[in-house]
Amino acid sequence: MKTISFRLTDKQHHYLAAVAKNQMRSVEQLLWMALSEGIPYMFTEETYCVDKLQCDYTDEDRESMAKYPLATPCYGTQYYGDHPWAEEIRGNVLADIEHELDQTDAAFDLQAEITRTNELHAQRKQDYEAKEAAKKEEEAAKKEQEAAQ
């Protein structure tokens with residue numbers, strides 16, 4: 001689990017804390033809600049590109065990877081697209097209330113998932129390069145055979 005800190009003026013903190021209290025939330029819970037809503041809003045007509053982890057691949061991603069062997073699935077590449085990674089932050093509120101947030105984070109090995117994803121793409125690249133090399137060898141052999149005739 002990671003903690004993020006940022007600076008606010010006393011006045012900004014006052015109003016943020018007041019809004020959180022009005023909404024019967026902690027400041028942290030309010031910020032989780034704001035992030036889950038704000039990221040999709042901010043990137044409605046702007047794009048970004050963040051590679052997905054393998055655990056987040058959809059069937060559509062897998063089909064695309066089969067069709068385009070060197071491409072990697074990304075978040076943020078479509079106008080008006082979904083941002084499920086950000087929207088998932090909203091779930092932290094309930095997980096926090098139910099005291100499950102730390103358990104959820106502890107159950108997920110981020111570094112292992114990053115390694116697994118990187119290994120998958122390295123293997124895909126190796127398979128693609130081997131296929132292309134075999135194709136070139138076949139073409140060269142075909143040209144030699146045609147030249148010999």
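Reader: How many aromatic pairs does a search of the whole structure find?
Author: This is a predicted model, in which local features need pLDDT of at least 70, side-chain atom pairs count only at pLDDT 80 or more, and totals for chains, interfaces and linings use all residues. Residues are numbered from 1 along each chain as its sequence is written, and side-chain values use heavy atoms, with hydrogens and water left out. Rings of Phe, Tyr and Trp (its six-membered ring) pair if their centres lie within 6.5 Å; planes under 30 degrees apart count as stacked, over 60 as edge-to-face and the rest as tilted. The number of aromatic pairs found is 2.

Reader: What is the geometry of the pair Phe43 and Tyr48?
Author: The ring centres of Phe43 and Tyr48 are 4.7 Å apart. Their planes stand at 65 degrees, so the pair is edge-to-face.

Reader: What is the geometry of the pair Tyr48 and Trp85?
Author: For Tyr48 and Trp85 the ring centres are 6.5 Å apart. The planes are at 90 degrees, so this pair is edge-to-face.

Reader: Where in the chain do Tyr48 and Trp85 lie?
Author: Helices (H or I, at least four residues) and strands (E, at least two) are DSSP runs, numbered from the N terminus. Tyr48 sits in the loop between α2 (27-42) and β1 (50-51), 37 residues from Trp85, so named parts of the chain that are distant are linked by the pair. Trp85 lies in helix α4 (residues 84-87).

Reader: Is Trp85 buried, exposed or partly exposed?
Author: Buried means under 20% relative accessible area, exposed over 50%, and partly exposed in between (1.4 Å probe, protein chains only). Phe43 and Tyr48 are buried, Tyr48 with a relative accessible area of 14%. Trp85 has 36%, so Trp85 is partly exposed.

Reader: Which residues form one aromatic cluster?
Author: Tyr48 pairs with Phe43, and Tyr48 also pairs with Trp85. The cluster is formed by Phe43, Tyr48 and Trp85.

Reader: What radius of gyration does the protein chain have?
Author: The C-alpha atoms fill a box of roughly 85 × 35 × 25 Å along the principal axes. The radius is taken over C-alpha atoms, and the globule rule is 2.2 Å times the number of residues to the power 0.38. A compact globule of 149 residues would have a value near 15 Å, but the protein chain has 24 Å.

Reader: What share of the residues of the protein chain count as buried?
Author: The secondary structure comes to 7 helices and 2 strands. Of the 149 residues, the share that count as buried is 20%.
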